[in-house]
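Work through the exercises below with the sequence and the structure at hand. Each task is followed by a solution in steps.

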Amino acid sequence: MSAMSGQADGHSNAEPAPNPAAAAQAVAAAIAPNAIVPPPSVAQQMQAGELAATMAQPTYQATRHARRLYVGNLPADSTDADVSEFFNKSMTVAGGVESPGNPVLSVYLNLDKRFAFIELRTMAEAAAALQMDGVLFRGMSLRMRRPNDYNPIAFPPVEPPVHGLHHFPPRSDL
């Protein structure tokens, strides 16, 4: 009986199966002892392409500038809630949303100069909202533009969920 295994033949049936990732790491360390070897989980993700695909996806914060829009010519008595509600309802009615819920995440309002910046959920919804240029909001024809700091090279153009919101009713009763 072996003192280490507790069995007469010297082999334990409870030995763990060899770990291929640990074995690969040991081989790499033997070949290049000073090389930095990533942990097995990262190496496995890289082999599967998951890490590369994840890194290729733009983050929510990275797309923020492409999801923000300038809204000009607002009525002088507008509020953040008015602007948000108008775009949420208007885009839903016109079919310019990708999924249920409100497309407008936030509104920054400057009433002194009668403009706002709205932030939308997705770049496609922002593209749809751009097509609402000239829509009437409480008797005023709104100007929809990209902000001055928008960089069109940063992300490829995105198609709106609905191509051409020209069927959008030019009313302010939404």
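The exercises go from the sheet to its core and then to the aromatic rings.

The model is predicted, so local features need pLDDT of at least 70 and side-chain atom pairs count only at pLDDT 80 or more, while totals for chains, interfaces and linings use all residues. Residues are numbered from 1 along each chain as its sequence is written, and side-chain values use heavy atoms, with hydrogens and water left out.

**Exercise 1. The sheet**

Step 1. Strands (E, at least two residues) and helices (H or I, at least four) are taken as DSSP runs, numbered from the N terminus. Two strands pair if DSSP finds at least two bridges between them.

Step 2. Strand 1 (residues 68-72) pairs with strand 3 in the antiparallel sense over 5 bridges. In this pairing tyrosine 70 stands opposite phenylalanine 117, and leucine 69 stands opposite isoleucine 118.

Step 3. Strand 2 (residues 104-110) also pairs with strand 3 in the antiparallel sense, over 6 bridges. Here the bridge partner of serine 106 is glutamate 119, and that of valine 104 is leucine 120. The hairpin of strand 2 and strand 3 has 4 residues between the strands, and arginine 114 takes a positive phi near 55° in it.

**Exercise 2. Cover on strand 3**

Decide whether the faces of strand 3 are covered or open.

Step 1. A residue is buried under 20% relative accessible area, exposed over 50% and partly exposed in between (1.4 Å probe, protein chains only).

Step 2. In strand 3 (residues 115-120), 6 of the 6 residues are buried. Phe115, Phe117 and Glu119 lie on one side, with Ala116, Ile118 and Leu120 on the other, so both faces are covered.

Step 3. With contact meaning heavy atoms within 4.5 Å, and leaving aside neighbours within four places in sequence, isoleucine 118 is in contact with residues including Leu69, Val83, Phe87, Ser106 and Met144.

**Exercise 3. The largest nonpolar core**

Step 1. A nonpolar core is a set of buried Ala, Val, Leu, Ile, Met, Phe, Trp, Tyr and Cys residues joined through side-chain atoms within 4.5 Å.

Step 2. The largest one has 22 residues, of which Leu74, Val83, Phe87, Ile118, Leu120 and Leu142 touch the most other members. Two or more residues come from each of strand 1, helix 5, strand 2, strand 3 and helix 6 (123-130).

**Exercise 4. Aromatic rings**

Classify the ring pair of phenylalanine 86 and phenylalanine 137.

Step 1. Rings of Phe, Tyr and Trp (its six-membered ring) pair if their centres lie within 6.5 Å; planes under 30 degrees apart count as stacked, over 60 as edge-to-face and the rest as tilted. The count is 6 aromatic pairs.

Step 2. The ring centres of phenylalanine 86 and phenylalanine 137 are 4.7 Å apart and the planes are at 50°, so the pair is tilted. Phenylalanine 86 is in helix 5 (residues 80-94) and phenylalanine 137 in strand 4 (residues 136-137), 51 residues apart. Both are buried.

Step 3. For comparison, tyrosine 108 and phenylalanine 117 have ring centres 6.5 Å apart and planes at 25°, so this pair is stacked. Tyrosine 108 is partly exposed, with a relative accessible area of 49%. Ring pairs link Tyr70, Tyr108, Phe115 and Phe117 into a cluster.
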